[in-house]
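Thanks for coming. Please have a look at the model first.

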Amino acid sequence: MFKASRNIWALGWVSFFTDLATAMIKPLIPIYVVLVLNQGMDKLGYVLAITTLVSYLFRWLGGWLSDRLQVTKPLLLAGYGLSAILKPLFAFTTSWVGVAAISATERLGKAIRSAPKDVLISASAEQHSQGRAFGVHKTLDIAGETVGGLIAFVLLSWLGQSPEWIRFIFEITIIPGVIGVLILIFFVKERLNTPVKDTVDESDSEALKKQNRFGNQSVPQVFDVTLWAWFGVYFLAVFFMLNDAFMVMRGSEIGIATQWLPLLLVVSALTQTLISYRVGKRLDSHGAKLLLVVSLWAGVLSVALLFSQNTVAIVIAFVLQGIFMVSGLNALRARIGQTAYGKGKAYGVFYLGTAVAMALGNLIVGQLWEYANVSYALMFSLIGLLLLLFAVSISKNLLQAHVD
């Protein structure tokens, strides 16, 4: 039976409380922008694009600093601390520009911490247990999202859905945010992999030491070159897949009441919680390619169901969106974790490409939704995912195993 280390559990609980706070406000942001501030779906697209770009674009910096300075915990403290402080400030925004500014700055904290967090999780697990380690962490991560969504539902049902109470929910996110930071301070220990001695011969070891000391780029393989194809498939997948904020607004359009909208994200989060560890076991035993294909199938079916006017179909769409998220993300994270060195840089490239892909996708969907109609936005997403799934399914050599 797999037993996660203390570090993995502690990092999981840090993510639990941080994502609990995030989930309390996540379903409220599109409602706040579109329905309270009357800013339009195109403005929501701008908010999502700016937020996503900042959240992912700077993750390379965290990975680069982690490799360069050989530290992770100080970067985690900066990232989680920034997020905890800034979430309550949504209560003071009065336009989509203010929402975008606060959201982007808050997500900068996530950008700073993401790659170092993945490096620390990978360093805290055995090489043959990478998938299960990320599965344990993802389970607590998504469990926090589930609880946060339930809290938002209860508060909206109990207090009401006025702008004043929505702002109150923004303000009280400081509580779980601070709890997460305290766990990080007292229970997470610094640990880094030093794989050079075990994975390269003596001459390569010397070259890597020189690279680390002087920035020498003479070593040709910074990380496994077969990762580029995996990155490309994932970047296209998140480019075409609808952001869950747009999915929430689709639920609102078909008549789902505001207090019930957080439960749609709970459905997605709960799905991810229930399957995350099993996905990790499948990664360790069957490989990442199968899970990536499953992720694409789930994305296709999720978007297809959004064409429906039926509430049950929308709920199922969120279930499938959860499968898309956990399968695709864990497949890529574990695949990077299999490499021998340069993991921080690899995670950084992964997040950098995701930033551009998701931001462009959000912009396009927002414009199509506002200035054409929802059907055009959904068709853009569905056709793109179908073509990507077809390309991956017919190609035997596109997604290769690692070659360290």
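Start with helix 2 and helix 8: their crossing is left-handed, meaning that the near helix is turned anticlockwise from the far one by less than a right angle, where clockwise would be right-handed. Helices here are DSSP runs of H or I with at least four residues, numbered from the N terminus.

Before I go on, this is a predicted model, with residues numbered from 1 along each chain as its sequence is written. Local features need pLDDT of at least 70, side-chain atom pairs count only at pLDDT 80 or more, totals for chains, interfaces and linings use all residues, and side-chain values use heavy atoms, without hydrogens and water.

Back to the pair. The axes of helix 2 (residues 28–36) and helix 8 (residues 163–171) come within 11 Å and cross at roughly 150°. Axes are lines fitted to C-alpha atoms over the stretch in contact, with angles from 0 to 180 degrees between N-to-C directions. Helix 2 is therefore roughly antiparallel to helix 8, a label for angles over 145 degrees. From helix 2, Leu28, Ile29, Tyr32 and Val36 meet Pro163, Ile166, Arg167, Ile169 and Phe170 of helix 8; contact means heavy atoms within 4.5 Å. That contact has eight nonpolar residues, no polar ones and one charged. Nonpolar covers Ala, Val, Leu, Ile, Met, Phe, Trp, Tyr, Cys and Pro; charged covers Asp, Glu, Lys and Arg; the others, Gly among them, are polar.

Asn7, Ile8, Leu11, Ser15, Thr18 and Thr22 in helix 1 meet Arg107, Arg113, Lys117, Leu120 and Ile121 in helix 6. By class, there are four nonpolar, four polar and three charged residues.

Is threonine 22 buried or exposed? Threonine 22 counts as buried because its relative accessibility is 16%, and buried means under 20%, with exposed over 50% and partly exposed in between, for a 1.4 Å probe and protein chains only. Leaving out residues up to four places away in sequence, threonine 22 touches Lys87 and Arg107.

Threonine 94 sits in the loop between helix 5 (73–86) and helix 6, and counts as exposed because its relative accessibility is 64%. Its C-alpha is 9.6 Å from that of tyrosine 32, 62 residues apart along the chain.

Last, helix 3 is mostly covered, with twelve of its 17 residues buried, among them Met41, Leu44 and Tyr56.

Terms used. Helix = DSSP H or I, 4+ residues; strand = E, 2+ residues; numbered from the N terminus. Parallel < 35°, antiparallel > 145°, perpendicular 65-115°, else oblique.
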